[in-house]
Amino acid sequence: MVLILLVAIELIVTIAMTWTHLSSSGRVVEASAIRTDSTLLVLGSLVHDGEPGDYVRGRLDTAAALFTTGRVDRIIDSGNGSAAAGDEPAVMRVYLEARGVSPEVIVDDPHGIDTDTSCRRAHDVYGVRRAVIVTQDFHLPRAIALCRRRGVDAVGVAADCDCPTWTLVRNHLRELLLAGPNALLAVVRPG
């Protein structure tokens, strides 16, 4: 019984990895390759006491640098806007504005509670048909795959992260064993 369970888990992980790889292949680009008139979709992450955590700070620094290229028309900062989560989009906005991003370019999405929801809302609520996703490299394949599933022609730019090694290892494992298979489930279930 244990062997069957392990084989089933391995099969699900393999299918999820294959799907995200095929959906995102060739779609992770260098910052210099983004198109003029780009919309950035910056995915939220933990904030603490009004300050972005390591992961979201790296995403925001990358978004601010992309904005300075003159190729960015809009930045959607999508995250959990609840008070219990520290209102990620509000913190993201303040951080971006402090780094020279024009307030009128920033769109706050306080209902982007996970990657799939952020992608769905980018398409359905904000009318995004083409986007540059900004997040860390381990997250990009799944984010691109989910956005493409939701009708957004997505590419991604990998954000740097001055993060502790143990959190990078944890997030790579989380992506492989939990988030990837969960994304695959989002593909097969309606909605």
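1. Start with the second largest pocket. Its lining consists of Ala16, Met17, Thr20, His21, Phe138, Pro141, Arg142, His172, Glu175, Leu176 and Gly180. Two or more of these residues come from each of α1 (2-24), α5 and α6. Keep in mind that this is a predicted model.

2. How much space lies in the second largest pocket? The volume is about 220 Å³. By class, its lining has 5 nonpolar, 4 polar and 2 charged residues.

3. Now the largest pocket. It holds about 800 Å³ of space. Its lining counts 36 residues. Nearest the centre lie Gly44, Ser45, Thr115, His139 and Arg174.

4. Which elements build that lining? At least two residues come from each of α2 (54-67), α4, α5 and α6 (165-188). Helix α6 gives the most, with 8 residues. The lining of the largest pocket divides into 10 nonpolar, 15 polar and 11 charged residues.

5. Is His139 buried or exposed? Its relative accessible area is 6%, so it is buried; the cut-off for buried is under 20%.

6. The side chain of His139 makes two polar contacts worth checking on screen. One is with the side chain of Thr115, at 2.8 Å. Another is with the side chain of Thr135, at 2.7 Å. Beyond its neighbours within four places in sequence, His139 is in contact with Leu43, Arg59, Thr115 and Glu175. Glu175 is one of the residues that line the second largest pocket.

7. Next, the cysteines. A disulfide is a covalent bond between the sulfur atoms of two cysteines. The whole structure has 2 disulfides. With the bonded cysteines numbered in sequence order, the pairing is 1-2, 3-4.

8. Cys161 is joined to Cys163 by a disulfide, S to S 1.4 Å. Cys161 has 21% relative accessibility, so it counts as partly exposed. Cys163 has a relative accessible area of 11%, so it is buried.

Key. Residues are numbered from 1 along each chain as its sequence is written. This is a predicted model: local features need pLDDT of at least 70, side-chain atom pairs count only at pLDDT 80 or more; totals for chains, interfaces and linings use all residues. Side-chain values use heavy atoms; hydrogens and water are left out. Buried means under 20% relative accessible area, exposed over 50%, partly exposed in between (1.4 Å probe, protein chains only). A polar contact is a pair of N or O atoms within 3.5 Å; within protein, one must be able to donate a hydrogen and the other to accept it, and residues adjacent in sequence count only if both atoms are side-chain atoms. Contact means heavy atoms within 4.5 Å. A disulfide is a pair of cysteine sulfur atoms within 2.5 Å. On a 1 Å grid over the protein atoms alone, a cavity is a set of points where a 1.4 Å probe fits but cannot get out, and a pocket is an open set with protein on both sides within 12 Å along at least five of seven lines; lining residues have an atom within 4 Å of a point. Grid points are joined across faces, edges and corners, and a volume is the space filled by probe spheres set on the points. Helices (H or I, at least four residues) and strands (E, at least two) are DSSP runs, numbered from the N terminus. Ala, Val, Leu, Ile, Met, Phe, Trp, Tyr, Cys and Pro count as nonpolar, Asp, Glu, Lys and Arg as charged, and the others, Gly among them, as polar.
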